[in-house]
Amino acid sequence: MTVSAGTDVPTTQDRAASAIWRARLGRVAVQFGQLAAVLAAVSLLTFLIMQALPGSAVDNRLGPLPGFTPEEREQLRQSLIVSLGLDRPLPYQYVLWVVKALQGDFGLTYQGLEVSELVGSRIGATVELGVASLLISTVLSLVVSMYAYRSRSRATKGGIQSFVTVLFVMPAFWLGLLLVIVFAAQLQWLPSAGYTAFSDDPRKNLEFLVLPALTLALPQMALFFRYLNAGLRDVSRLPFVTSCRARGLSSRRVDYRHVLPNAALPTITVVGLVAGSLLSGLVIVESVFAWPGMGMLLVDSVGRKDYNTVAAIVLITSVVYVVVAFLVDFVYQLVDPRTRRRA
Amino acid sequence: MTAAPGRARALRITPTVAGLALLVPFVAFALFPALFAPYGPYEIVNTPLLGPSAGHLLGTDEIGRDLLSRVVFASRNDLLVSIMSAAVAFTLGTVFGLLSGYIGGIFDTVSMRTVDVFLSFPTIVMALFLITVFGRETWVQILAIALVMTPSTARFARGEGLLLRSRGYVEASKVSGGGRLHILFRHLLPNAMPTLLVAASVLASAAVLIAASLSYLGLGAQPPAASWGNMLRSAYGVVYDAPLFGIGPGIAISVVAGAYVLIGEGLRRRFRTDRNTASISRSVGRV
């Protein structure tokens, strides 16, 4: 190899760097591939369970049809089956369903409304409640775990631990009931259930928001607390903390600037996963507090046997979960360089 | 640390003892409800929505049935569902997970990707879905709850399988011609058991909460049959008239779920597994 200009020649370092980049890109490609595969499987499973549902979509759409003879009804039925593509083989129907879903078309509800419009009208309320609960639980868990960590009193630590443990064995509707008894029925500070859009009356909207958001947030807080607590304990034993102390930093500075950020790092993953799987909690909490979001819509649709809506919500939530989990993984690799090297 | 004297040791209240003490009354209620309940579960005995009194320790419900009796009679269904579904999830998850970790290769990849897919459906949503499809009978409930808990159990057991795969006795058994099933049942299972039992108790606790949530949503025991979840649902309707209505069933749920957790914690200390209960419940007990 003849060398003409020194600047163009890749040095060993350059080569190593580009190899690292190639490896990194390869890993991202593999991760994207896996993401796509899981998404495909999730949609396939949803579709298959839909096929197993009792009752047929066609009969639901037709309704009772008074004044039609059985022959006319059967004719209508057949033409509907053809127009919906239900006479085609299952794989074709699946692909059609996925393609339509990607375009935001989940078909019609049994009342003839667009499923996407119905679900879309509920997303705002769900996002509001979900975000509010995550904010409350994140802040609370940071405050409570730092307080427990810095406290010298065994009684305080033990008290906080037992409170958190109790939260783990309280299902949302039971915790919610206690909050309603205290804050709505006895103290009469807040309404027990209901919803007003923020654009209509911001104050009322927030009053309605407090109890459901707290009901969701407290168990989340307990979960985050466990991680933070374990993280704080582990990090506080690392040598760099001793070195901070030895250099004469105040204990407040050591705790808040050095221990906490390192301890909180793994908790990011949990917060992300909880955010992705919020709908499980929302199903219960929304129906407890009559909060018109996607969770309540899901329960109502199950009751009405409105399968297109059920499938749409199940698909949307599981896709959100998978994507959020993927992003969390990705973000984590960005914030914590150690995980990059290990993989 | 100084060793505790023998007598004090025997008297010490371990988590297992505390857990059993909490659970035993409910097992007794489940087996012989009529011995403990002052009235029948469907018997209308007084005016509706009375508060707690000497005659009705927990008060009466919206149509005048004795709440204590209904809490007692509900134990049978709630305990049955939680124990059975935990047992099913435990069996399936353990066998698949251990095999997956031990065999590795394609089998492992395929089963773990399947686990991923199932885990991406929110728990309650998946259970709701299954019960809608297959009906509201008790056995469907048990299987639905078991099915949503199986994937995380399998993933957990897989970790144990991986851990044990390289142990000397497993290698030795393989070299001397032990088959896969022989290794699974004679070597992997017994050695993974302590950790797995702790996981089982966490599962049972999660199952109580899921079962209660489903019957809260009206998908569990159908009225007039009593369940703790559907009693709490009624409690919401009358929260201004009878604020204490839901306290009994609510405490029952928490006590039973807590008892399972305590028993698990006790088993962990007894077997001295190095994993802590919190980390096990993080991996298998996502509700």
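This is a predicted model: local features need pLDDT of at least 70, side-chain atom pairs count only at pLDDT 80 or more; totals for chains, interfaces and linings use all residues.

Analyst: Residues are numbered from 1 along each chain as its sequence is written, chains are lettered from A and ligands numbered from 1 in the order in which they are written, and side-chain values use heavy atoms, with hydrogens and water left out.

User: What is the confidence in chain B, and where is it lowest and highest?

Analyst: The mean pLDDT (the predictor's confidence in each residue, from 0 to 100) of chain B is 82, and 90% of its residues reach 70 or more. Within chain B, helix H1 (residues 6–11) has the lowest mean, 51, and helix H4 (residues 67–103) the highest, 90. Over residues 1–8 of chain B pLDDT stays under 50, and the model has one contact beyond four places in sequence for them; contact means heavy atoms within 4.5 Å. The model scores ipTM 0.80 and pTM 0.82.

User: Why is Asn205(A) called buried?

Analyst: Buried means under 20% relative accessible area, exposed over 50%, and partly exposed in between (1.4 Å probe, protein chains only). Asn205(A) has a relative accessible area of 0%, so it is buried. Asn205(A) lies in helix H8 of chain A; helices (H or I, at least four residues) and strands (E, at least two) are DSSP runs, numbered from the N terminus. Leaving aside neighbours within four places in sequence, Asn205(A) is in contact with Glu128(A), Tyr195(A), Thr196(A), Ala197(A), Phe198(A) and Trp291(A).

User: What makes Thr150(B) buried, and which residues does it contact?

Analyst: Thr150(B) is buried because its relative accessible area is 12%, under the 20% limit. The residue sits in helix H7 (residues 138–165) of chain B. With neighbours within four places in sequence left aside, Thr150(B) is in contact with Ala89(B), Leu92(B) and Gly93(B). A polar atom of the Thr150(B) side chain also lies 2.6 Å from the backbone oxygen of Ala146(B).

User: Why is helix H12 of chain A described as mostly covered?

Analyst: Eight of the eleven residues of helix H12 (residues 294–304) of chain A are buried; among them are Met294(A), Leu297(A) and Val302(A). Their cover includes helix H5 (115–150), helix H11 (278–288) and helix H13 (307–335) of chain A, together with helix H6 (123–134) of chain B. Just after H12(A), Lys305(A) takes a positive phi of about 55 degrees.

User: Why does Ala290(A) count as partly exposed?

Analyst: Its relative accessibility is 36%, in between the limits, so Ala290(A) counts as partly exposed. Ala290(A) is in the loop between H11 and H12 of chain A. Although not a glycine, Ala290(A) has a positive phi of about 50 degrees.

User: Why is Leu31(B) called exposed?

Analyst: Leu31(B) has a relative accessible area of 52%, over the 50% limit, and is therefore exposed. Leu31(B) lies in helix H2 of chain B.

Technical notes: A polar contact is a pair of N or O atoms within 3.5 Å; within protein, one must be able to donate a hydrogen and the other to accept it, and residues adjacent in sequence count only if both atoms are side-chain atoms.
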